[in-house]
2 protein chains.
Amino acid sequence: MKIATHELRCTECGTRIAGTAVNSIFRCTICNGLYDVIYPWSAIPNGDTPATDSRLPNASALRWLWQERRTSTMSVDQSGVWRFRDLLPIVDDLDHVVTLREGNTPLYDLPRASKALGVDWILAKHQGMNPTGSFKDTGMTAALSVARERGFEWVACASTGNTSAAMAAYAARAGMRSIVFIPEGKIAWGKLSQSMDYGALTIQLKTDFDGCVNVLTDLVNRFPIMLLNSVNPYRLEGQKTPAFELVEQLEWQVPEHVIVPGGNLANGSALAKGFSEMHHLGLIPRIPKVSIIQAEGANPLYRSLQENGGEELIPVKANTRATAIRIGNPASWRKALRALRTTGGWCEQVSEQEIALAKAEIGSEGIGCEPASAVTLAGLKKLVAQGKIGREERVVLILTGHTLKDSTYTIDYHRGELFTDEESTQISGSDQILHAALRKPPIVLDADTDTVFRALESQMKLVHA
Amino acid sequence: MKIATHELRCTECGTRIAGTAVNSIFRCTICNGLYDVIYPWSAIPNGDTPATDSRLPNASALRWLWQERRTSTMSVDQSGVWRFRDLLPIVDDLDHVVTLREGNTPLYDLPRASKALGVDWILAKHQGMNPTGSFKDTGMTAALSVARERGFEWVACASTGNTSAAMAAYAARAGMRSIVFIPEGKIAWGKLSQSMDYGALTIQLKTDFDGCVNVLTDLVNRFPIMLLNSVNPYRLEGQKTPAFELVEQLEWQVPEHVIVPGGNLANGSALAKGFSEMHHLGLIPRIPKVSIIQAEGANPLYRSLQENGGEELIPVKANTRATAIRIGNPASWRKALRALRTTGGWCEQVSEQEIALAKAEIGSEGIGCEPASAVTLAGLKKLVAQGKIGREERVVLILTGHTLKDSTYTIDYHRGELFTDEESTQISGSDQILHAALRKPPIVLDADTDTVFRALESQMKLVHA
């Protein structure tokens, strides 16, 4: 199925330019807005007419093709992103595709969380099972492929961790050089280790995340370096594909709710774009509500919605142990707002204690995730309590990172060192009981069978009581 | 394709018992040997006759079935282990299968390593891309499914890390309780964090790995707890499936060499069993040479082969930073010896410096792995230098763990803190140049564009020089 090439369309003023017209600064030259990638078959707001070929790709043919590719041994078919390349016509020549066999992530049921919450059907789509351990891989395979096709030798991003790991891996795979800008300090070392492992040049700047972005913007203006921050619209094209994969895994049934963590706010809008495109093409009959959950300490979108209805972003000084969403001034906030409005989803915030508990609950289902991922379950609890999500509705949580991304957090939690005494007093009585049941600090014992035997007996009683 | 059930056969004395006859101590009651799982269609040494039904499963039908299942949305079909269940008839009822969507791991080419070594075709099968980040998942899905089918509520293992993480995750998934015994100290915390995260009860014993095994053996004798150490033959049934997956990914072509890290030594023999079974069933025309690489500081198999031709195991006091293979008295050494002999592979040892360099080289291809995985590339270099592997032969390295399993190692390496001064002097001149090119310590700079610009210019020159 050959489909004509793409354009970029400003999400603010609607200006459209050829896909190849911009490479470094992915902001509208007229109004500084962010771009969307659009295709000849895209539904375009405001009555604009599509560029060349308005014939819609055939839904049944796409479904069949996507399924058939799963039996192929070609790397572009084995990728859970490029398997959907019919709706990603951003690379002309598939030889330029840079892939690590991303995507194809598992969809788990969460039977214990379902029972505890009284919601029949809670699923977790685990994007942390991607090659570098986070959802960013689906975006980076797309953006690095575009960079390679356009002849770039260098790429760069400013990142709190997951983005840099993903960019470094895909750049190395492509034989390209990558530069990672990170704020000095407050870094999950497990994440920084990856960018070094994959051969990136890591520069720690004596500033915060926003300061890194400013320096980076200056640099990509002066060097032939492709910017791979979340403003790069090609990353979002890759990040929309888990929406396709999800409904395919559900045999083309659409869940009522999809819940994502909110940090830089690009992920929710990417998924919403994926669902909207599927709906427009007749692949699904309706669009799920996409809700975004932020940490209380990094809640600019939540605050803006509360205080001015989303008219203006209120940046915050971000502070949360869920490092992947510790972002106070998210670039993609307007896109996220659009996603909430077009899908009918909500924005919520959750506390550090709620995040920790939700992470331990997900872990107890045999599924590890990084702290930021756990905001989805914590947020779901609030939406259920508010009556926004009913018992018989189907909910999919998007887990964004692997548990190994921040093992220090897990260790601190189980050792009882995550919270200060003051923070601990803010945990409700029922949650304290849950915490006590879920915490598993290692026990140190003499290597003597009888000693172990006695300890085990008391533990068994404790557990069965 | 309905195939009759399995038996266990002692690998030492050949005694055969029903599969359900043993549950806790998986050692022959006559000679203390380890068991193999055998099937009615198995090729059995020493002229024994098979149990009931000797009709071989049809090779073409299996190939077709395995491919078709990849398009299914059923969890047993989406598992890269249970997709091959026709050759795993260890669970009668598929409802008992405990799966996290393991397997289906990527097969990467390593173009830079191929070029550097002058070997045309080096591939890496990355078992670290399994759900808990190591190859152990393929074994645990099999063993936990057997445990669930037999009604166990508790499982236990002694583990240096990866095994405990995998067991804890699958036990949690099954709604079972798990106990992890680990030696106190010298633990990669990233691995211990997982068993806590998945809700295991972790007991650190004041002894070494062998001491843990002794206590554990006593315990499973006195409690209804299934032993999940590598002596559990069902784990090896799961661990044989990457052999199937590998040749399927190669469109049923067989590589000349498969190289695995050697720690507890169960993995190489599991893969060799998989290849042998495929050969017996006519799925492949020949068996690849399976070679095993140990760290110099944990080399009992290598030493035994050098000093007594493999007649007796010479246990060692294990010491290597590749924690996943830090095992001095491996339980499965005889099985590993059999794998070397039946496939024609070799056993080699590599130094700490060689491991670190190989890990950085693999990382520079955009593929992270834990240190133990990197012994495969380090060992390949030696086998090539010895003339045992030729330019046109096809080599597959089995990478066993994810880079995030031990991020401290990566950080120490790139900061130049991995080796003592004395260890550093033992690195050859050419390797020192390689180390210098691969090491990427983060640079700390003021958040000023011109400062960054100058640093970057000097780096670019350095790189391009």
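Ile203(A) stands opposite Ile443(B), a residue of strand E14(B). The model in which this pair is found is a predicted one. Strands E8(A) and E14(B) run parallel and are joined by 3 bridges, and they belong to an open sheet of 5 strands whose order is E9(A)-E6(A)-E7(A)-E8(A)-E14(B), with parallel pairing. The edges of this sheet are strand E9 (225-227) of chain A and strand E14 (443-445) of chain B, each of which pairs on one side only. From one strand to the next, the twist averages 25°.

How are the two chains related to each other? Chain A is superposed on chain B by a rotation of 180° with 0.0 Å of shift along its axis, at an RMSD of 0.0 Å, which is the relation of a two-fold axis. Because 100% of the interface residues of chain A are also interface residues in chain B, the copies meet through the same surface.

The largest pocket holds about 820 Å³ of space. Its lining comprises 36 residues, and those nearest the pocket centre are Arg177(A), Ser364(B), Ala437(B), Leu438(B) and Lys440(B). Among the elements that give two or more residues to this lining are strand E7 (177-183) and strand E8 (201-205) of chain A, together with helix H17 (429-438) of chain B. The lining residues divide by class as follows.

| Class of lining residue | Number of residues |
|---|---|
| Nonpolar | 20 residues |
| Polar | 8 residues |

Methods:
Residues are numbered from 1 along each chain as its sequence is written. Chains are lettered from A and ligands numbered from 1 in the order in which they are written. This is a predicted model: local features need pLDDT of at least 70, side-chain atom pairs count only at pLDDT 80 or more; totals for chains, interfaces and linings use all residues. Side-chain values use heavy atoms; hydrogens and water are left out. Copies are superposed by least squares on the C-alpha atoms of residues with pLDDT of at least 70 in both. Contact means heavy atoms within 4.5 Å. On a 1 Å grid over the protein atoms alone, a cavity is a set of points where a 1.4 Å probe fits but cannot get out, and a pocket is an open set with protein on both sides within 12 Å along at least five of seven lines; lining residues have an atom within 4 Å of a point. Grid points are joined across faces, edges and corners, and a volume is the space filled by probe spheres set on the points. Helices (H or I, at least four residues) and strands (E, at least two) are DSSP runs, numbered from the N terminus. Ala, Val, Leu, Ile, Met, Phe, Trp, Tyr, Cys and Pro count as nonpolar, Asp, Glu, Lys and Arg as charged, and the others, Gly among them, as polar. Two strands pair if DSSP finds at least two bridges between them. Axes are lines fitted to C-alpha atoms, for helices over the stretch in contact, and angles run from 0 to 180 degrees between N-to-C directions.
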